[in-house]
Amino acid sequence: MEIRGPVLLPARREDVEFETVDGLTLVGELALPENRAPVATLVTLHPLPTAGGFMDSHILRKAAGRLPALADLAVLRFNTRGTTSPRGTSDGAFDGGAAEVFDVAAAVDFVRERGLPRPWLVGWSFGTELALKYGRDHDIEGVILLSPPLHRASADEVAAWAGDPRRVIVLVPEFDDYLRPDEARERFASIPHAQLIAVDGGKHLWVGENQTRRVLTEIVAAVNPDALPLPLQWDEPAED
């Protein structure tokens, strides 16, 4: 079977809930390798909910569908406050990235309480703003930023990562709607150790299997490079 589209490879999948310090319940899913302990953990932060972003946004859904089996990664997806998906609706209301500071903290606390190893924040679009603004406050190995628009993260918040030893991986599509590679190089120049990867032919939404595979490969290259190259075929049963 070719690995593409919405295929679900074997994993232990669990519907989860966790609480924020301001009293909200957030809903999500934790996907773990089926028969092994994970080697690292992806805490995913979805695109803008007011523009249709949620925990099932396709790159995050495909990361959870594939990477526990292909790369021994745990993948936590969740809806930020006020966001709805088939999994359910998280309490509260969208706050433009302000009160979402508590959502990021609750997700990282959940990972710590579960004893999951080596957490990384993986943000996409709006999720990159949350990773940049709040990731430094938490015990994570680094951040992976997919299509960062840099609308809400200030220049000072970006530059604050310059003195931080943790890794900053930035994937910028060639044809992004908001921030293209040349401007991204200027705006991330304040973080000397940031690794900026310009993706030829890429667009903000990473549509298409080639773009999906490129994004998932770069995530694994940062977090568990021993799992590369990611296979394109799966010879065992997949989930329904």
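Is helix α6 mostly covered or mostly exposed, and how many of its 15 residues are buried? In this predicted model, α6 is mostly covered, with eleven of its 15 residues buried. The helix runs over residues 209-223 and reaches 21 Å from its first C-alpha to its last, close to the 21 Å expected at 1.5 Å a residue. The buried positions are Glu209, Gln211, Thr212, Arg213, Val215, Leu216, Glu218, Ile219, Val220, Ala222 and Val223.

Two of the buried residues of α6, Arg213 and Glu209, form a salt bridge in which the closest N and O atoms are 3.1 Å apart. Being four residues apart in the helix, Arg213 and Glu209 are separated by about one helical turn. Residues three or four places apart in an α-helix point the same way, because there are 3.6 residues a turn. Arg213 has a relative accessibility of 19% and therefore counts as buried, under the 20% cut-off; Glu209, at 10%, also counts as buried.

Arg213 and Glu209 belong to a network of salt bridges that also links Glu2, Arg4 and Arg66. Within this network, Glu2 and Arg4 form a salt bridge with their closest N and O atoms 3.2 Å apart. Glu2 is partly exposed at 36% relative accessibility, and Arg4 is partly exposed at 41%. The count for the structure comes to 20 salt bridges. Another of them joins the side chains of Arg166 and Asp164 at 2.8 Å, N to O. Arg166 is buried, with a relative accessible area of 16%, and Asp164 counts as buried at 10%.

Three aromatic pairs were found in a search of the whole structure. One of these, between Phe18 and Phe78, is edge-to-face, with 5.4 Å centre to centre and 65° between the planes. Phe18 lies in strand β1 (residues 12-19) and Phe78 in strand β4 (residues 73-78), so the pair ties together parts that are 60 residues apart in sequence. Both Phe18 and Phe78 are buried. Phe18 also pairs with Phe110 in a tilted arrangement, at 5.3 Å centre to centre and 35° between the planes. This second pair links distant parts of the chain, strand β1 and helix α2 (residues 100-113), 92 residues apart. Relative accessibility is 5% for Phe18 and 7% for Phe110, which also counts as buried.

The largest pocket has a volume of about 290 Å³. Of the 17 residues that line this pocket, Pro47, Leu48, Ala51, Ser125 and His204 are the closest to its centre. By class, the lining comprises eight nonpolar, seven polar and two charged residues.

Terms used. Residues are numbered from 1 along each chain as its sequence is written. This is a predicted model: local features need pLDDT of at least 70, side-chain atom pairs count only at pLDDT 80 or more; totals for chains, interfaces and linings use all residues. Side-chain values use heavy atoms; hydrogens and water are left out. The expected span of a helix is 1.5 Å times one less than its number of residues. Buried means under 20% relative accessible area, exposed over 50%, partly exposed in between (1.4 Å probe, protein chains only). On a 1 Å grid over the protein atoms alone, a cavity is a set of points where a 1.4 Å probe fits but cannot get out, and a pocket is an open set with protein on both sides within 12 Å along at least five of seven lines; lining residues have an atom within 4 Å of a point. Grid points are joined across faces, edges and corners, and a volume is the space filled by probe spheres set on the points. Ala, Val, Leu, Ile, Met, Phe, Trp, Tyr, Cys and Pro count as nonpolar, Asp, Glu, Lys and Arg as charged, and the others, Gly among them, as polar. Rings of Phe, Tyr and Trp (its six-membered ring) pair if their centres lie within 6.5 Å; planes under 30 degrees apart count as stacked, over 60 as edge-to-face and the rest as tilted. A salt bridge is a side-chain nitrogen of Lys or Arg within 4 Å of a carboxyl oxygen of Asp or Glu.
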